[in-house]
Structures are given as structure tokens and as C-alpha cells.
Number of protein chains: 2
Amino acid sequence: MSDSRRRRVTLNDIAEAARVSRATVSLVLRDSPLVHADTRARVETHMRKLGYVYNRAAANLRRQTSSSVALVINDLSNPFFAEFAAGVDEALAAAGYVTLLGGTGESASRQQAVLGSLMEHQPAAIILSPAEGSDASRIAHAVGAHTPLLVFNRELEGAGWDFLGLDNRRGARLATEHLLKQGHRRIAFFGGHADSSSCRERRLGYGDALAAAGVTPEPQWLVECAPTRLEAAAQTGALFVRDPVPTAAVCYNDAVALGLMLGLARRGRRPGHDFALTGFDDIPESAMSVPPLTTLAADPRARGRQAAALVLARLKHAPGAHKRTIVPVQLVVRESSGGADTAAPPSARKRR
Amino acid sequence: MSDSRRRRVTLNDIAEAARVSRATVSLVLRDSPLVHADTRARVETHMRKLGYVYNRAAANLRRQTSSSVALVINDLSNPFFAEFAAGVDEALAAAGYVTLLGGTGESASRQQAVLGSLMEHQPAAIILSPAEGSDASRIAHAVGAHTPLLVFNRELEGAGWDFLGLDNRRGARLATEHLLKQGHRRIAFFGGHADSSSCRERRLGYGDALAAAGVTPEPQWLVECAPTRLEAAAQTGALFVRDPVPTAAVCYNDAVALGLMLGLARRGRRPGHDFALTGFDDIPESAMSVPPLTTLAADPRARGRQAAALVLARLKHAPGAHKRTIVPVQLVVRESSGGADTAAPPSARKRR
DNA sequence: CATATCAATTAGAACGATCTAAATTCGATC
DNA sequence: GATCGAATTTAGATCGTTCTAATTGATATG
């Protein structure tokens, strides 16, 4: 209430009001045992009365510390990363840090700008989920050598940064083995860009499983597309241009799988019935799709918390070799991988 | 590279290296025409050489300004809000501000904590999408009278804050009228909590349309549930416990509608065929569901940009009456509202 | 009573930038 | 060469905190 123009109330104002020195007020703020109980009470009264709010920026300046962590995300509109961001923020907040958000929209140049701008706010550390086409050396330049950086999800060779990622290779192998076990032999790998590290790794896992089963993949079973529903739906046809056509597909991720299901439906194939497929990520809508999607659960929210924890640990125990953390993923079997032509009953099986 | 322990390089270091005063370097930083071209060049060289990075916190302290805006979001894992956040961040970044993120997970008490923590970082303004059960006076206390606040999406009576929201009432009326036009008379309103402002407004619009058509809604056509897919699927049965049962439903939002579609499928009803329904928000998966969902487009990303713009405008032209902005929503007709028992062909109709 | 000990408080210099007001340099002019 | 005005540069205070090193009282000890 009252004069909206008035300048902020500071430690000095409180000191004056409570007739103590600025230093004492500062001690009260930080719960120092040095200050007498009566004094503390008096000071605290005045703080409340004047509506004091701590200026952490000033404190950080003096103490040469930082109370923020920058979070740079390639695609916030992807639920996987949104959940990840929520997890990061949750854990950082619990540790008393504030999250500086920066979205890059998959643009490497915006990523540079965002990093530059965030660095000016002196984050204690950076968590980066790199945009496509990121250049490690330019990132290194923007970030400098003194701010710890944790790279998430997409490998970025070069500098000594910490890394947190999924076990893409094993995940894709599990999915492929699952489809093999259902009797499929002609299995495609659908979606993703082969120049992204996660896509490469997933393709390796796919190849591992096929090789172990003695299956040689046809080149037309490897279809690239941007990892979005729309792109995937549009690329569906590429699977069926040349014999032998696949009867199943391991998809790069859930978005792609959902798009593929749509594309299949449009050409009159019933996913999970005429054609089996799997996803990757286990985003929430995968449990809800028709049919529900078999996929690999990565629990992005937990990954977010984990990323925050890694970064906080690095801040505590400062330097040391950079750390690669690869988290296992779990195969979640649902109906989309149900059967081939030789398949199982379409309905029933309510509970899971 | 080199000694990772070395302290940050500051204006003083540059000044010393370039043999000018700190003041001159500061002028160079801000592109002042006062400084001689030669001097400028020399200073800039040394800035690059030493790897200088601007300390915006120190500058803000001195100038009594802020270069950040706090964004407090009730539910980041809802794509609607994730998109909103992306839009806010995009527009803020373009204006040279940085986004301080705070997630509340729909908890009013966490919201208080988050607001308190963010305030300590002196944001220039706050954009708040309130958690359920928010208390306006406690928020007012946490935020203080000097930081402009924009409330998004859920009305919060009380203090003089700016507000940005959707035209919920008209949106729901449009959806209801659309279903009436398809021949439905027994139309339910499904989902949401009646104590949230947006749900109340949508119910009003629903009531407007029914009243205009001379239909009196049965009490069992009003079903509450939390606005998540899971809850909605679980509550589906509530629509069919007592005659007359509805043949269509206006859903509180897309998440609820998608959940209801699942619930319907489980009881053997084909949404868009045996039962018509509409959503609200037009989240990306609504276009992709089977059948695609008729809904009201709110373009959350554009809303985010708009919220940022409103807040920036408020910062420029400082005080003035608080402003209510209600944005229209657009009915997007897809197949989920296709027909009743007397319905249309289920397939074909590829292009839209 | 002088002095050592302890608890409580404080003056004043930081932190890294900006800003005001004044000082310095440089030609040009008389 | 002195003088003036414009062009450049700078010293030093300042923003709101924290920290170091003293300072102040009070109580206890010899």
C-alpha cells in the first residue's frame, strides 16, 4: 500500500529503525548466535514492520557466490523436456537455488545468444540440453572455463563436461528383442536424425539385437525423419515402398511412434494388430494412445532431479574428472507391440 | 583452460591492462560516443583477450534496475503451460530479459515459498499462473506493492493486478452450440473443479447455449474431476449412472476430453461416433488423437508472448489502472464431435 | 583494583558495476 | 603563448550486502 514510488527498504533502514548497526542486522538475518535475543527480536519486529525483502544479488556480489543455475532447453514444447525442466526446478528450489530458464527452440545460434545472456547473470552452473547442430567449441567459448556445465541427453564431444544421458543402445536393443520375441523378423528403425548421438546409439542397439537373431536389416528399413508427430506421419509411406516391407518398427521416440500410428491408420493398417511398433521416452500420452504404446520409460522428471543433484554435487566437491552418467531405461510393454498378421486378440486385457 | 581457480575478470582488470580508468571501460561497454575510437578499440581488444564477462548483477545493483522477470507456473507438465512458458521466455529473451522459473506443482504453499525466493532476486515483474487454492492476500504479501504482477489464466480477485485470460464463457458456448447444431440435446459438461474460475466460466457458457436452445440440463450431466487424463478416464462412468444419459459432452479441457475418450472406448463406445465430445485448449495431441478432437484453440505459445508483452508494457508506462485482457478462442472442428447415434461416416475425410 | 575473559556490537572496507562532477588534453583562435 | 570550448578521461561516491578487525561493557580472577 501507500506510495508506490518509494525506494526499497534496506538493511540500513532497519538498522536505523532498530537503533543498531547495519552489521548487527546482517547477523540477525543469518541467524548468527552472536546477537542477543532481545536485539534479535527488536530487529525482526522492524523487519516485518517495514516489509523488508532480502537482496540476494547484493549479497551474492559481496560473497562472490551465486544462487542460481541456468537451465537451457532445446524444446520446451516436447513433454519429455518440459517434465525434465520441472524436475530440475523442483530439485534446485529444494536446494535454495533459483532456475534461470532459457529456451533455444533447437536453434544453435539462439543457443549461443541464450548462453551469453545467462552467463551475465553469473549462474553457479549450467544444465544444457543441446540444440541440434550444437558446436562444442562455441559453447565452450560462451560458457568459459569457470562455470560447471552438465550436458543432458545429447552427447557433445570435446570439453570436459559432465554428461547425463539415457542408455539408448540397451533400450533400443530391448525393444527390438521384444519385437523379435513376438515373431517379427522384418523390423524397421523409424525416425530420428542419424547425426544426433541418441539416434545413432539407438540404431546400434537395434542392430545388436537383429545381429544376435541373425537378421540382416534391409536398407529401406532405416527411415529418417524429424522427431515430431507430424513429420513421422508424413514419412510413413517410406516404410512400404519396396519389398520386403517390415511388419514392425522400433521408433526413435514416442512422438515419432504416435505419428507413425496415425500414418498407419490413414493407410488402413491397425497399429498393434497389423503392424507392431515401439517408442522411446514413455511420455504421458503414450499410455493413453489407441492402442497404448510399448515404449522405454526414462522418467524425465526424475532425470531432471538427477541432473540438478549432479550439478549441485559438482558445486560442492568442485573439480575432479568429468562424470558420465548413463541411466538405464525400462521396457514398458503395452498393446502397440501386440502382434503381427499372426496376432493376438485386439481388445480385452484391460488392466495393466 | 589454465588455472580454474582464478577469480573473475572485472572492469578493473581491463582498465589496468588497457591503461585507462575503470570509468572509461564502463563507457566502452555501453557504446558511449564519448570515448575515442582508438581507446575503444584498445579496450575491446583487452576485453576479448582477458575473456571478460559482464556482471549484470553488479550493474543492476548500482542502477537500481532489474533484468529478470519471474515466471511462476502451476503445472509445467501440462503442455498448455509448457507452451505458455516457452512463449514467455521467447518474448522476454527478445527484450533482453532473463526468465526466472518457478514451478509450484499446484500447491499453494509451495507457491508462497517460490514467490518469496524469487522476490529475493528482484525480478522486474512477475507472471503468475496461480496454483489451485491460491490466496490473493498471501500472494499480495509475498509480492509486495512495488513489483508488477500479471495473473494468467485463473482469476484472482482482490489486489490491483493485471490479468490475462481466455474467453472461457464464449468458448464453452461455441462448443455447446456446435453440439446442439449436430442434433444433440442431452449434453453434459464434463470435468474441472467448480471452484476454479475458469471452470465456472466455462459452465456458464455451456448454460447460456443450452438455455438459448430451451434445454434444461439434468444435474447428473455436470461431472467434476481433476483436469488430468487419468482422473477423467476414471470418472467416465459418472455420466451413465442415471437416465437420461447424455449423448455428447463439453469437456473442461483437452486433457479431460482425451481421458473421456479413453473411458468411452473402455465401455465400448466409439467417441465421435456413438458419443460426441469437445475439448478446450487445442494442445498438440488433440489434432492427433483418434478421432481428432474438436476443441477451442487458445494458442498458448502466443499467450505466453502476449503475457510477456503486457508485463513489459507495464514496466515502461509504469502505473495506471490494472488491465484485464480477455483473448478470444477459436472453435476448431474435428471428428470427435462428428455425430450422435444418427452419425456420419467414420473414415474418409483425409484433408483438413 | 588492574586485568583477563567473554559476549555483544560496530566501523569501514570490500564486491563490480555506474554516475556525477571535475580534471585533463587538444586544437584553434587571438 | 595565453585562452577558450569541445572532446576525452577520470576520481570517488554509491548501490545493499558481508566480512574482518576492533571496540565496548560486563563479569570474573588474582
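Some housekeeping before we start. This is a predicted model, where local features need pLDDT of at least 70, side-chain atom pairs count only at pLDDT 80 or more, and totals for chains, interfaces and linings use all residues. Residues are numbered from 1 along each chain as its sequence is written, chains are lettered from A and ligands numbered from 1 in the order in which they are written, and side-chain values use heavy atoms, with hydrogens and water left out.

Let's begin with DNA strand C. A residue is near a molecule or strand here if one of its heavy atoms lies within 4 Å of it.

R22(A) has a polar side-chain atom 3.3 Å from a base nitrogen of DNA strand C, and R22(B) has one 3.3 Å from a base oxygen of DNA strand C. Helices are DSSP runs (H or I, at least four residues), as are strands (E, at least two), numbered from the N terminus.

Over to DNA strand D. Of the 27 residues around DNA strand D, S26(A), Y52(A), R62(A), S21(B) and T39(B) come nearest. Within 4 Å of the protein, 67% of the atoms of DNA strand D belong to sugar or phosphate, and the rest to bases. A polar backbone atom of A58(A) sits 3.4 Å from a base nitrogen of DNA strand D. On the phosphate side, a polar backbone atom of H36(B) is 3.1 Å from a phosphate oxygen of DNA strand D, and T39(B) places a polar side-chain atom 2.6 Å from a phosphate oxygen of DNA strand D. Two or more residues come from each of α2 and α4 of chain A and α2 and α4 of chain B.

Next, a helix pair in chain A. The axes of α6 (residues 108-119) and α7 (residues 136-143) of chain A come within 9 Å and cross at roughly 20 degrees. Angles under 35 degrees count as roughly parallel, over 145 as roughly antiparallel, 65 to 115 as roughly perpendicular and the rest as oblique, so α6(A) and α7(A) are roughly parallel to each other. Q111(A), Q112(A), L115(A) and M119(A) in α6(A) meet R138(A), I139(A), A142(A) and V143(A) in α7(A), with contact meaning heavy atoms within 4.5 Å.

Last, the backbone. Most residues other than glycine have a negative phi, and most peptide bonds are trans. R19(A), in the loop between α1 (11-18) and α2 of chain A, has a positive phi near 55 degrees. The peptide bond from D243(A) to P244(A) is cis, with omega near -5 degrees, and P244(A) lies in the loop between α10 (229-235) and β8 (248-251) of chain A.

Notes. Axes fitted to C-alpha atoms, helices over the stretch in contact; angles between N-to-C directions. Polar contact = N/O pair within 3.5 Å; in protein donor to acceptor, adjacent residues only side chain to side chain.
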